[in-house]
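Me: Walk me through this model, please. Keep it short.

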Amino acid sequence: MNNQRIAEIFNEIADMLELSKDSNIFEIRAYKKAALTIESLSEDVSEIIEKDGIEGLTELNGIGKALAEKINEFIKTGKIKKYEELKKIYPIDFKNLTRIQGLGPKRAYSLYKNLNVSNIEDLKKVLSEKKIQTLPGFGKKSEEELENGIKLLESSKGRILLGKALPEAELIIKKLKSSGFVEKVVLAGSTRRMKETVGDLDILVISITPEKVMDFITKLPEVEKTIAKGITKTTVWLKIGISCDIRVVPKESFGAAQQYFIGSKDHNVKVRQIAVKKGYKLNEYGLYDLKGKIIANEDESNIYEKLGMQYPEPEMRENRGEIELAKENKLPKLIRIDDILGDLHIHSKYSDGLNTIEEMAIAAASLGRSYIGMTDHSKSEYVANGMDEKRVLRYFDEIDKINEKLKNKIKILKSAETDILKDGSLDFSDKVLEKMDYVLASIHTNLNMNRQDMTKRILTAINSYKINIIAHPTARLINQRQPIEFDLDKVFQAAKDNNVVLEINSYPERLDLNDENILRAKEFNLLFSINTDSHRTSNLELLRYGIGMAKRGWLIKKDVINTLPYENLIKLFKK
Ligand code: DGT
Ligand code: CA
Ligand code: CA
Ligand code: ZN
């Protein structure tokens, strides 16, 4: 795919432009925006050019004539001159280096200038020589941070984001279904349990022609190579960078196979113990009595039933107490995606989004949402084109107008993603905050404050009694950035005392709060809001990942505020 590479190049150009003295913020943003657009196209840019020429490109969101020509240049020559020229000045592997926590383009450049570091290997070397602590702007602490950052990056190798794994699994399953060789296909493993990262895909199939299924799989265009091919199990390596296990299972074992391969392993071990206590045997082929007679096979729920348990949804199967509840008939009725009526974290062109407010609203309405909250960034988010006090008022005026226009379709609430500054104060004056229907606040800067100061910062914001929702509370980026450090229990208690709601951010890189923190926050009887943090219309569909996380955190409908109808929600915010 050309798209991926061009997006990478544009991001790198943006990084390099940021380094030059006469850098132009608009140009930098333009490259970043274009990269986002290209990355998410379903069609390769070369196909667009073939069909509609360069004009086809300029019709895309965020791509003007100059950038369209750069894309065309890449398709024609395999290169972009501007990139090559910048690369001569900055021969640095920004793409990989900036994936290390605490290392942005500026610091990477400083390491290059001073110590000739141009890639991760060089960085490891100078770290081992303890050379970085002597540089201006760096210290012993930065050295430690970089070492930890490299460790985090390396430990994540091999696991990919659910947001990448699930669509790929669905694509393969769809192809299998239409192949004509299978009777039934289901997804299993961590992807089915909606775990935030996935080690490999697991797919189960019923088929009377397993050879044909395996031939079909190994020839899919998504497959890079075949690792092992058999009649009952085949493993292929996928181009997205993980492997996929396909198992063909006899019809009479399908239920047991599902129970086994959905996992998790810890859950299975415990369930098997229960079977043994009852005098049964449970494996991936069936549930048997002592004489070896099969008592449950064809379907999964049957197995739990025979063991005297309720059926636990896959998202709960992590041996975190769900088995005990299932035995006592006390499993919570987990939230479902259809329970969600609105989305309270959405960006538009007013800051770093790709679409207009109206486009976002119409897209949300067509997905069945009855309200959205607009939350473009506040002024401190300079690179993200954050709004100052003047612009945010125009933003609210425009929302009023669009509300009038769309009043039969959807309701739009006024808000803004307001930065919690270093001292815990907010990035907008009270006068502006009062004009909002609710205040969504979040931390984007000074992420490496120590635990004590960070706790104080968040508590100050919460105790100000000015905020309604804290967005992506830990600010982590999966595989890239550790969560900020603060006293969770203190913050959760303060949130409870001040009616502050915690977000479950559905962005696959964020999924913040995560399952464990949700379970912990639930102990404080907190309320949650499951939002997409959409930056373009297609992002609105990321909601299912937030729902996955919420189910993994055992949430039910009434734990989540955006299951409320509009009027009740407004009342809740007024309280
Ligand atoms: P992953 O791939 O690391 O993201 O996580 P899973 O859960 O998909 O693990 P995977 O692919 O190794 O195995 C798929 C399922 O098979 C797993 O969730 C439970 C089951 N399984 C694998 N190994 C064992 C085992 O040794 N004992 C039991 N009881 N179940 C197992
Ligand atoms: Ca797996
Ligand atoms: Ca597997
Ligand atoms: Zn946001």
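Me: Where does Lys130 lie?
Reply: Lys130 is in the loop between helix 8 and helix 9 (140-155). Helices (H or I, at least four residues) and strands (E, at least two) are DSSP runs, numbered from the N terminus. This is a predicted model: local features need pLDDT of at least 70, and side-chain atom pairs count only at pLDDT 80 or more, while totals for chains, interfaces and linings use all residues. Residues are numbered from 1 along each chain as its sequence is written, chains are lettered from A and ligands numbered from 1 in the order in which they are written, and side-chain values use heavy atoms, with hydrogens and water left out.

Me: What is the phi of Lys130?
Reply: Positive, about 55°, although Lys130 is not a glycine. Lys130 is partly exposed, with a relative accessible area of 46%. Buried means under 20%, exposed over 50%, and partly exposed in between (1.4 Å probe, protein chains only).

Me: And what phi does Asn116 have?
Reply: Asn116 also has a positive phi, about 65°, and is not a glycine. Asn116 belongs to the loop between helix 7 (105-115) and helix 8 (120-128). Its relative accessibility is 55%, so Asn116 counts as exposed.

Me: New topic, the ligand. Which residues come nearest to ligand 1?
Reply: Arg159, Ser190, Arg193, Gly199 and Asp200, out of 16 residues around ligand 1. Near means that a heavy atom of the residue lies within 4 Å.

Me: Which atoms of Gly199 are involved?
Reply: A backbone N or O atom of Gly199 is 2.8 Å from an oxygen atom of ligand 1. The Arg159 side chain has an N or O atom 2.9 Å from a ligand oxygen. For the Asp202 side chain, that distance is 3.1 Å. The protein covers 71% of the 600 Å² of accessible area that ligand 1 has on its own. Accessible areas come from the Shrake-Rupley method with a 1.4 Å probe, and for residues only the protein chains shown count as cover.

Me: Which domains does ligand 1 lie between?
Reply: Domain 3 (160-248) and domain 4 (258-327) both give residues to the shell, so ligand 1 lies between them. Domain bounds come from an automatic or database domain assignment.

Me: What are the other domains?
Reply: Domain 1 (1-77), domain 2 (91-155) and domain 5 (337-574). The centres of domain 4 and domain 5, taken over C-alpha atoms, are 39 Å apart. Eight residues from domain 4 and seven from domain 5 take part in the contact. Contact means heavy atoms within 4.5 Å.

Me: Why is helix 23 called largely enclosed?
Reply: Nine of the ten residues of helix 23 (residues 543-552) are buried, so the rest of the structure largely encloses it. Among the buried ones are Tyr545, Met549, Lys551 and Arg552. Their cover includes helix 10 (162-179), strand 17 (501-505), helix 22 (515-522) and strand 18 (528-531). Just after helix 23, Trp554 has a positive phi of about 65°.

Me: Last one, His377. Buried or exposed?
Reply: Buried, at 5% relative accessibility. His377 is in the loop between strand 12 (371-374) and helix 18 (389-405).

Me: What polar contact does the His377 side chain make?
Reply: One with the side chain of Asp352, at 3.4 Å. A polar contact is a pair of N or O atoms within 3.5 Å; within protein, one must be able to donate a hydrogen and the other to accept it, and residues adjacent in sequence count only if both atoms are side-chain atoms. Leaving aside neighbours within four places in sequence, His377 is in contact with residues including His347, Glu417, His444 and His535.
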